[in-house]
Amino acid sequence: MPIKTKIIVTGGLGFIGSHTAVELYFKGFEVIIVDDLSNSSIDVLKGLKNITKSNLIFEKIDLKNKKSVKELFEKHVDIKGIIHFAASKAVGESVQDPLKYYENNLISLINILQEVEKLKNSISFIFSSSCTVYGEANNLPITEKETIKKAESPYGNTKQIGEEIIEDFSNSSDSFKAISLRYFNPIGAHSSNEIGELPIGKPQNLVPFITQTAVGKYKELIVFGDNYPTSDGTCIRDYIHVVDLAKAHIKSLNRLLDNKNSSNYDVFNIGTGKGSSVLEVIKSFEKVSNQKLNYKIGSRRKGDIIEAYANTKKANSILNWEAKLSLDQAVNSAWKWQQKIQ
Ligand code: WQD
C-alpha cells in the first residue's frame, strides 16, 4: 500500500475547505482537517464522512495559539502540503472590528509558517486569497498583472498582506513553495448535497440570501442598487461553482508537489471568466427553481465595486484547469442544498 501524501487543510470544515477536502480525499491524499469551529459546524465532518465513507482526521485547533500550532506540526511532521483557508472573511465585519481580522488572519498564518520553517521536508503551500485584492480593477477581465490597489477593507488588506508574507517567506527558503489563488465569487454545493454553504447568522452574500429568501427565512431580497453603469444597472461578479474552485486547489498543489513550478511563488485568478449581474443571478434562480423570487431594488451597499470578472488564461494554461460548471448548475446546487438544510 503506497504511503499517502499527507496534507493539512486549515479551515477544512468551512465552505471551500470542505469541498477541497473531498477532492483531496478522492485524489488519494491523506487529509488532516484543522478548524477552530469559530465560523463552521462540526456537522460538516458528518457530511464529509457520508461522501468519503471514511473518518477524516479532524484537529480542533485555534491557529492564533502558538503552542497549539507547534503541537499540531509536531504531531504531523510528515506533512508534504498545506492548503490554508482558515480566516475571517466578512468584509463588513472587518471594517467594524479590524483587529479581529489582523489577529485572526495574519497571526495564524505567521504561526503556521514559523512551524513550517522547523520542518525538514519541503512544503507545498496553497493560500486562499481573493479577487478583493484588486478592488475596482482598471481593466476587465482581470488578469494577475492587474494593479493591486489600496485595500478597501481590513479583510481585503489581510489577503494582500498574507500574499506578501507568503511570497517573502517562499523567496527566503528553498524548501517552501507557494501558490496564492485569488477566488472570485464561490457559490453552490457538492453534488451529493451532503456539504454546501452554511452562512452563520444573516448571510452577507447574494446566493445564500437568495436561497434563504426562497425558503421563507427572509421576506424579500434587497438588490443593492440598479443604477450602476452596467447592462441592467446591477453589479457584475464572476460566480464560480465551489467544486470547480476546489479542483483548482488540487491542480495547484500537484504542480508544486511535482516540482513543475517555475518559481517558488505564483498567483492565479480562479473564476469562470464570465460576469453575471445580480438580476441575471436572480433570473437563473427563478429558472432552476421554477419559482418567482421576492425581491425589490434598494439603495447601493457601501464598498461594492461595480464589476469584477476573471481573465482565467493563466490558470487555464499553466494549471491546466478551467471552470466547467455553469451559473445555472451552481445556483441549482445551492438551491438543492438550501432545501435540504432549510
Ligand atoms: C455580490 C453582489 C452585492 C447581497 C464577496 C465576498 C468577499 C470576497 C468577494 C472572498 C454585489 C449584491 C448581495 C444582497 C445584493 N470573497 N447583493 N443583495 O460583494 O462580491 O464579495 O466576494 O474573499 O469576501 O463578500 O459578494 O455575494 O456579497 O455580493 O444585491 O442581499 O450581490 O451588492 O453586487 P461580493 P456578495
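Colleague: How many nonpolar, polar and charged residues does the lining of the largest cavity have?

Modeller: This is a predicted model, where local features need pLDDT of at least 70 and side-chain atom pairs pLDDT 80 or more, while totals for chains, interfaces and linings use all residues. Residues are numbered from 1 along each chain as its sequence is written, and side-chain values use heavy atoms, without hydrogens or water. Ala, Val, Leu, Ile, Met, Phe, Trp, Tyr, Cys and Pro count as nonpolar, Asp, Glu, Lys and Arg as charged, and the others, Gly among them, as polar. On that basis the lining of the largest cavity has 5 nonpolar, 3 polar and 1 charged residues.

Colleague: What is the volume of the largest cavity?

Modeller: A cavity is a set of points on a 1 Å grid over the protein atoms alone where a 1.4 Å probe fits but cannot get out; lining residues have an atom within 4 Å of a point. Gly 188, Glu 197, Pro 199 and Trp 337 are among the residues that line the largest one. Its volume is about 80 Å³.

Colleague: Which elements each supply at least two residues of that lining?

Modeller: Helices are DSSP runs (H or I, at least four residues), as are strands (E, at least two), numbered from the N terminus. Val 207, Pro 208, Thr 211, Ala 334 and Gln 338 are in the lining. The elements are α7 and α11 (327-341).

Colleague: How much space lies in the second largest cavity?

Modeller: The whole structure has 2 cavities of 30 Å³ or more. The space in the second largest cavity is about 40 Å³.

Colleague: How far is an oxygen atom of the ligand from an N or O atom in the side chain of Arg 301?

Modeller: Arg 301 is one of the residues that come nearest to the ligand, as are Tyr 155 and Asp 304. Asn 185 has a polar side-chain atom 2.9 Å from a ligand oxygen atom, and a polar backbone atom of Gln 204 lies 3.5 Å from one. For Arg 301 the distance is 2.8 Å.

Colleague: What share of the ligand's exposed area does the protein bury?

Modeller: Taken alone, the ligand exposes 680 Å² (Shrake-Rupley method, 1.4 Å probe). The part buried by the protein is 90%.

Colleague: Which element gives the most residues to the shell around the ligand?

Modeller: Two elements give two or more residues to this shell, α7 (206-214) and β8 (221-224). By class, the shell has 11 nonpolar, 5 polar and 4 charged residues. With 4 residues, the element that gives the most is β8.

Terms used: Near = heavy atom within 4 Å. Polar contact = N/O pair within 3.5 Å; in protein donor to acceptor, adjacent residues only side chain to side chain. 1 Å grid on protein atoms, 1.4 Å probe; cavity = no way out; pocket = protein on both sides within 12 Å on 5 of 7 lines; lining within 4 Å. Points joined across faces, edges and corners; volume = space filled by probe spheres on them.
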